[in-house]
Amino acid sequence: MKLSRVIELLGDLVLQTVNLDGTNPEISSVASNSRFLKPNDLFICIKGAYFDSHVLAEDLQEKGAIALIAEDPIVSNQIRIPIIYVRSSRKAEALLFMEQADHPYEKLITIGVTGTNGKTTVTSLVKHVLDTFEKNCSLVGTVVNYIAGKESRNPKNTTPGAPTLAKYLKKSVEENYEYFVMEVSSHALAMHRVSGMQFDVAAITNITRDHLDFHESFEDYYATKLRLFNLMKPSGKAVVNADRINIANIPLQRDQILTYGFGDESDYRIENLEMTRSGMYFDIATPFGSTQKVYTRLIGEHNAYNVAAVIAIMEALNYDTTHVIEAISTFTGVPGRFEFVEEASKYGFEVVVDFAHTPDALEKLLKTARRLVEGRIILVFGAGGNADKGKRPLMGEVASRFSDVVILTSDDPKHEDPEEILKDIEEGISKLKPYLIIPDRKEAISVGLTLANRQDMVVIAGRGHEEFQVIDDELIPFNDKEMVKHILNEKFRRLIKR
């Protein structure tokens, strides 16, 4: 690839080209990590949260970079190689790595799902349905990545960086995979990780408060989520929760949009929802005039939305709804999403572990728990560090309204003082509500289990599937479900009548 071709590909992203010798060199490949730079590579300088590779310009030239892309001025009298100045280095990175991979999304059927909550369940369920139909499908998400049959758990980011995403797509094409389904986070959209992508189906589950430590405002967060619909293939379809998103905000013609929800105007309308501990039944009214009965092992109104989203997504992919509903019935769920710890039931109470870490998700979780429990709800939860502080008192207020006993504890404090995080949450707690503050998460869970009487439910929220607590820079092994099982075995086993 010639330098002139790079400039052509980047189009109006280019602000200026500084080329002292007027050369048009042949570029071997593209790099944005100095560890992977090879002679005759084009290097993309990026200003990150902790490091700015613009400062390495002279070293990059010395290592053999044949040209640089930059968004900030490079001040050096030693730089002789061409520099392409761009509006966004990250967008340039996404476009060029996808070009280098030969645009693999064009050879795949791609499904992207965004939203504050529900992304993991929807993408996992889409993959399950396609697996049931014996279709090869790669998955990128929060809990696990399945790339061309290879599994990797607990990925660093919900949506990987542009170089990794291009690699995953290319690998899927090389292994003759047909489908690629992925979660698309607001960070990924804002930081252009997916700007080189195009989707056959783009879906949005909901938008509620989250990540306001990163986004300037809720309005900015909302607008960022909607960018997903700018990344659709010309024949692509949008799938939208019409109860939560104003479709007038979607920059598409109405015939490109499939909607779902409880509202009368939804194309796929949820009706007659019935919920038990073992699952849910509801009717789905389709735009074709038919109504079908749905059974899912998932629990909660929010999961009725998730299932309806998948039915609409599969319709957009031209699958028969009856067969899709049959496949959905065998899906057992995602780890850490309203997951019962079955070992607790022998003691006469229930324990549920869930990933809920926003005010909206916590409210949905507790409302679902209330529909299933005859006794009290004992809630154990905290909030993550180095994140949106404004949502902490809101979560405290939700906890007070929808549970009977609240135990505040550490989540992933990261570099923040755990006690300061707990004080932030406590501001929203009603002083008329029984609550405890126990920073040690193991102790907090143990106390929650000890307080439980027959027919009570202990709800442990915030971390779900996660395997580690993050304290400063240390990863400490800690899984809520496994900790419950350990405590039950250690402290409660002797209480079972034999």
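Me: Domain bounds here come from an automatic or database domain assignment. Which domains is the protein divided into?
Reply: Domain 1 (3–100), domain 2 (103–330) and domain 3 (339–497). This is a predicted model, where local features need pLDDT of at least 70, side-chain atom pairs count only at pLDDT 80 or more, and totals for chains, interfaces and linings use all residues. Residues are numbered from 1 along each chain as its sequence is written, and side-chain values use heavy atoms, with hydrogens and water left out.

Me: What makes Arginine 277 and glutamate 342 a salt bridge?
Reply: The rule asks for a side-chain nitrogen of Lys or Arg within 4 Å of a carboxyl oxygen of Asp or Glu. In this pair the closest N and O atoms are 2.9 Å apart, so the pair meets the rule. The structure holds 32 salt bridges.

Me: What about lysine 481 and glutamate 339?
Reply: Their closest N and O atoms are 2.7 Å apart, and they form a salt bridge.

Me: Why does that pair tie together parts that are apart in sequence?
Reply: Lysine 481 lies in helix H14 (residues 480–492) and glutamate 339 in strand S17 (residues 339–340), so the pair joins parts 142 residues apart in sequence. Both elements are DSSP runs, numbered from the N terminus (helices: H or I, at least four residues; strands: E, at least two).

Me: How do you know that domain 2 and domain 3 are in contact?
Reply: 20 residues of domain 2 touch 20 residues of domain 3, with heavy atoms within 4.5 Å. The C-alpha centres of the two domains lie 28 Å apart. Their interface has two salt bridges by the rule.

Me: How much area do domain 2 and domain 3 bury?
Reply: About 1,700 Å² between them, 53% of it on carbon and sulfur atoms. That is accessible area (1.4 Å probe) lost on being put together, summed over both parts.

Me: Where does the second largest pocket lie, and why?
Reply: Domain 1 and domain 2 both give residues to its lining, so the pocket lies between them. Its volume is about 360 Å³. Among the 17 lining residues, Lys91, Leu95, Ser195, Gly196 and Leu231 are the closest to its centre. Helix H3 (residues 89–100) gives the largest share of the lining, four residues.

Definitions and conventions:
On a 1 Å grid over the protein atoms alone, a cavity is a set of points where a 1.4 Å probe fits but cannot get out, and a pocket is an open set with protein on both sides within 12 Å along at least five of seven lines; lining residues have an atom within 4 Å of a point. Grid points are joined across faces, edges and corners, and a volume is the space filled by probe spheres set on the points. Buried area is the accessible area (1.4 Å probe) that two parts lose on being put together, summed over both.
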